[in-house]
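Please keep the sequence and the structure in view while reading.

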Amino acid sequence: MRFPPRDTTPQPTTAPPTTPPPTTPPPPTTPPGTPPPVSCRVVWQPNQWSGGFTAEVSITNLGAPVTSWTLTWSFTADQRITNAWNAQVTQSGAAVTARNATWNGTVPQSATVSFGVQGTFGSGNPRPAAFQFNGGTCLAQ
């Protein structure tokens, strides 16, 4: 009887090479620190007296046409909204939210919609500086 020769070559002890994972992650779609696009321009026109004020708020839509809107801002002092017209306005602490009325929700691009607020203040009545229109940043004037 004859037996074929045995292979005496040792088997490899390491796994075959694989493609290494990338060393840098893919870039984000928006670079960090990039501000969101401006969606509106807000004009805040106050009229004030001792302890009280009114303000006409005009919003110019700089983005796509909308069929409903929400404008938000925060007061930096102790102002309190007591009344509003041409919008549904609520306040929680310093945060204020104004939503369109049933008749003024549609705002085409470059069109302006206005509403008014009445309120009180104690120590001061600084103008709000940061507004958001449907979540987008607004230019304040």
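In this predicted model, the side chain of Gln-79 reaches the backbone nitrogen of Ala-77 at 3.2 Å, and the side chain of Gln-79 also makes a polar contact with the side chain of Asn-125 at 3.1 Å. Gln-79 is placed in the loop between strand S3 and strand S4, the latter spanning residues 80-85. With a relative accessibility of 2%, Gln-79 counts as buried, because the cut-off for that class is under 20%. Once its neighbours within four places in sequence are set aside, Gln-79 is in contact with Phe-53, Gln-91, Thr-120, Phe-121, Gly-124, Asn-125 and Pro-126.

S5 and S6 form a hairpin with two residues between them, and Gly-93 in the turn has a positive phi of about 65°.

Strands S5 and S6 are also among the elements that contribute two or more residues to the largest nonpolar core, which has 25 residues, with Trp-44, Trp-69, Leu-71, Trp-73 and Phe-115 having the most contacts inside it. The largest share of this core, four residues, comes from S2. In soluble globular proteins, nonpolar side chains tend to be buried together. Apart from neighbours within four places in sequence, Phe-115 is in contact with residues that include Trp-69, Leu-71 and Trp-73, as well as Ala-87 and Val-89.

Pro-37 is 26 residues from Gly-63 in sequence, yet the two are 8.9 Å apart in space, C-alpha to C-alpha. The table sets out the accessibility of the two residues.

| Residue | Relative accessibility | Class |
|---|---|---|
| Gln-79 | 2% | buried |
| Pro-37 | 64% | exposed |

Pro-37 therefore falls in the exposed class, since 64% lies over 50%.

How values were computed
Residues are numbered from 1 along each chain as its sequence is written. This is a predicted model: local features need pLDDT of at least 70, side-chain atom pairs count only at pLDDT 80 or more; totals for chains, interfaces and linings use all residues. Side-chain values use heavy atoms; hydrogens and water are left out. Two strands pair if DSSP finds at least two bridges between them. Buried means under 20% relative accessible area, exposed over 50%, partly exposed in between (1.4 Å probe, protein chains only). A nonpolar core is a set of buried Ala, Val, Leu, Ile, Met, Phe, Trp, Tyr and Cys residues joined through side-chain atoms within 4.5 Å. Contact means heavy atoms within 4.5 Å. A polar contact is a pair of N or O atoms within 3.5 Å; within protein, one must be able to donate a hydrogen and the other to accept it, and residues adjacent in sequence count only if both atoms are side-chain atoms.
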